[in-house]
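Please keep the sequence and the coordinates at hand while reading.

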Amino acid sequence: MTASPTRRLTVAQALVEFLAHQYTERDGRRRRLVGACWGIFGHGNVAGIGQALLESGPGAMPYLQGRNEQAMVHAAVGYARQNDRLAAQAVTTSIGPGATNLVTGAALATINRLPVLLLPGDVFATRPADPVLQQLEVPYAGDVSVNDCLRPVSRYFDRITRPEALIPAALQAMRVLADPVETGAVTLALPQDVQAEAYDWPEEFFADRVWHVRRPSPDADALAEAVRAVRAAGRPLIVAGGGVHHSEAEEALRALVDATGIPVASTQAGKGSLRHDHPADVGGIGHTGTAVADDLARTADLVIGVGTRYSDFTTASTTLFAAPGVRFLNLNIASFDGHKLGALPLVADARAGLEALTAALAGHRVGAEYEAEYRAGKARWEALVDAAFAAGDDSVPPSQTQVLGALDAVVGDEDVVINAAGSLPGDLHKLWRARSRRQYHLEYGYSCMGYEIPAAIGVRLAAPDRPVWALVGDGTYLMMPTELVTAVQEGVNINVVLVQNHGYASIGGLSAETGGERFGTAYRFREEDGTYTGAPLPVDLAANAASLGMTVLRARTVGELRAALAEARASDRPTCVYVETDTAASAQGAPGAQAWWDVPVAETATRPAAVRARAAYEREVAARRHHL
């Protein structure tokens with residue numbers, strides 16, 4: 001018998017070679033599953049994965065140099081989302097703080113159901129010395145390392161303690177990355193001695209492998225039941241989630257809506273599922289939603305969730321869908337999400353399921369009065385958006401909503417606007433007019449401060465011809481500006497809009513509403529009483545961005561802001577537009593919350609603000625319900 005051919009490589013070399021031959025395919029289109037590897041090197045990976053990347057060369061596995069391990073994961077997540085989860089990137093770090101810095105990014109990826117491959121170094125498998133540098137000693141378990149922190153935030157985790165164990169682990173890792181139901185962060189922890197160990201690998205391990213991403217159709221009986229529910233509903237409402245985008249189901253959704261007249265509200269991840277100017281698009285839903293969407297939600301008798309996981313912001317902490325007999329129909333590729341809220345589950349790919357619904361609902365349309373109602377509500381809300389975006393005096397500092405209005409006037413359909421945290425997500429969800437399927441990029445599953453700048457790099461790498469905007473407040477910027485250096489080094493042309501409002505504006509407002517009196521939320525000097533209520537800090541974040549290599553444009557007025565945004569969009573290098581907003585109470589702002597959000601308030605307190613907030617909380621919390 002002739003022996004199968006083998007190739008002698010280290011574990012790290014074999015892994016890099018294996019990754020270079022993995023592909024996804026959906027609808028006949030094939031692409032690299034792992035398009036590049038981000039890395040920061042230390043003793044736990046420099047002589048293993050680092051050497052393997054050097055030896056393989058950029059043709060096999062392009063290498064991207066990051067400055068912060070968490071940020072590298074964010075960049076990879078932005079890349080994966082822009083690629084509709086069909087392409088991902090890897091991230092390698094050393095053992096120790098480099099590995100534990102991955103945890104936040106991994107949680108973000110898994111919560112948002114976005115693929116990223118994590119390759120942290122690990123302590124020695126052979127234990128030549130105990131402890132080694134950066135080893136966590138656990139008296140009751142000798143096989144635990146700091147990488148075990150990644151287990152609960154990973155969709156798949158394995159520690160490769162023997163070379164031959166890489167083969168099944170690598171295949172399982174690719175399966176999870178490519179599976180739209182299972183995907184998220186995937187971790188292969190690599191002990192530093194095993195990375196450098198050689199093994200005779202079967203050539204079949206390095207053959208091209210295609211992971212087919214299917215579009216499962218709905219079960220016939222479930223589809224028939226869904227159709228009966230839609231036909232029986234007098235006030236149906238579609239809630240479009242991120243699954244619409246991941247499935248590239250926007251046209252299928254539009255076809256269903258054009259045929260039936262059912263209005264569409266969107267989650268943060270689903271915004272842009274319909275263009276903002278479609279008659280049936282009623283905007284964001286939930287705590288940060290529009291008045292028209294939330295009013296429809298309160299009276300809907302059938303809520304049709306498409307690719308949504310129904311976060312508490314979407315359901316207004318289960319107080320929004322208030323009609324006594326409201327029912328739910330959930331079209332989702334994941335059975336776990338399909339069964340939420342006691343729904344009739346239609347487990348299928350979003351596009352396949354929408355197409356099946358459209359065909360089966362032929363001839364059905366909602367009542368003319370219902371259409372007229374939501375179209376009138378949409379028109380009233382659009383007038384509010386116009387007012388929030390408008391600037392009567394170009395010579396004064398802008399409000400935050402006027403910043404968005406100025407940006408709205410500059411961007412084209414092809415631009416991508418990225419945000420994740422602070423007060424901007426609420427304003428964007430209410431006000432932004434999404435013009436294309438991937439223009440609106442809000443990470444609100446984890447709402448992670450620091451996501452925007454690295455994610456913008458990942459998006460730009462995935463879509464090099466699309467202008468990309470990272471919108472950040474000063475609090476978010478101070479969390480993680482380091483990848484500006486990466487953008488400059490790699491010539492990744494991103495635009496950063498840096499809004500200076502001297503603190504945590506979103507949490508400051510929430511603190512005021514819940515009896516916290518804005519405690520600890522402003523960036524100011526201490527006063528004699530110990531509180532942070534003095535003068536604003538004399539920081540110059542624009543100078544900081546310039547010191548990291550960015551072109552910086554300072555905008556002091558509405559007029560200067562418009563000019564700076566246009567200049568940034570036309571620039572061929574990374575550019576930061578810095579603007580200090582008018583935060584006075586009289587400044588023009590977004591409409592307030594149209595639905596509640598459950599943030600528990602102190603049950604006993606002596607300060608009047610907390611007593612008043614508790615009374616308001618008890619009134620609101622009475623409306624919570626279980627949908628069974």
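The model is predicted, so local features need pLDDT of at least 70 and side-chain atom pairs count only at pLDDT 80 or more, whereas totals for chains, interfaces and linings use all residues. Residues are numbered from 1 along each chain as its sequence is written, and side-chain values use heavy atoms, with hydrogens and water left out.

**Largest cavity**

- The largest cavity has a volume of about 610 Å³, a volume being the space filled by probe spheres set on grid points joined across faces, edges and corners.
- It is lined by 42 residues, of which G242, G243, A269, G307 and R309 are the closest to its centre; lining residues have an atom within 4 Å of a point.
- Two or more lining residues come from each of α9 (242-246), α12 (312-315) and β16 (327-332), where helices (H or I, at least four residues) and strands (E, at least two) are DSSP runs numbered from the N terminus.
- The largest share, three residues, belongs to α9.
- By class, this lining holds 16 nonpolar, 17 polar and nine charged residues; Ala, Val, Leu, Ile, Met, Phe, Trp, Tyr, Cys and Pro count as nonpolar, Asp, Glu, Lys and Arg as charged, and the others, Gly among them, as polar.

**Second largest cavity**

- The second largest cavity contains about 140 Å³ of space.
- Its lining comprises 19 residues, with K271, D281, G283, E382 and W432 the closest to its centre.
- At least two lining residues each are supplied by β14 (281-284), α15 (368-389) and α17 (424-431), and α15 gives the most, with four.
- The lining divides into eight nonpolar, five polar and six charged residues.

- Six strands form an open sheet in the order β19-β18-β20-β21-β23-β22, with parallel pairing; two strands pair if DSSP finds at least two bridges between them.
- Because β19 (440-442) and β22 (551-555) stand at the edges with a single partner strand each, one side of each has no neighbour in the sheet.
- Neighbouring strands of this sheet are turned by 20 degrees against each other on average, direction ignored.
- β18 (residues 416-419) is joined to β19 by three bridges, and V417 has Y440 of β19 as its bridge partner.
- Helix α18 (residues 452-462) lies across β18, β19, β20 (468-473) and β21 (495-500), running at about 175 degrees to β20; contact means heavy atoms within 4.5 Å, and angles run from 0 to 180 degrees between N-to-C directions of axes fitted to C-alpha atoms, for helices over the stretch in contact.

Conventions
On a 1 Å grid over the protein atoms alone, a cavity is a set of points where a 1.4 Å probe fits but cannot get out, and a pocket is an open set with protein on both sides within 12 Å along at least five of seven lines; lining residues have an atom within 4 Å of a point.
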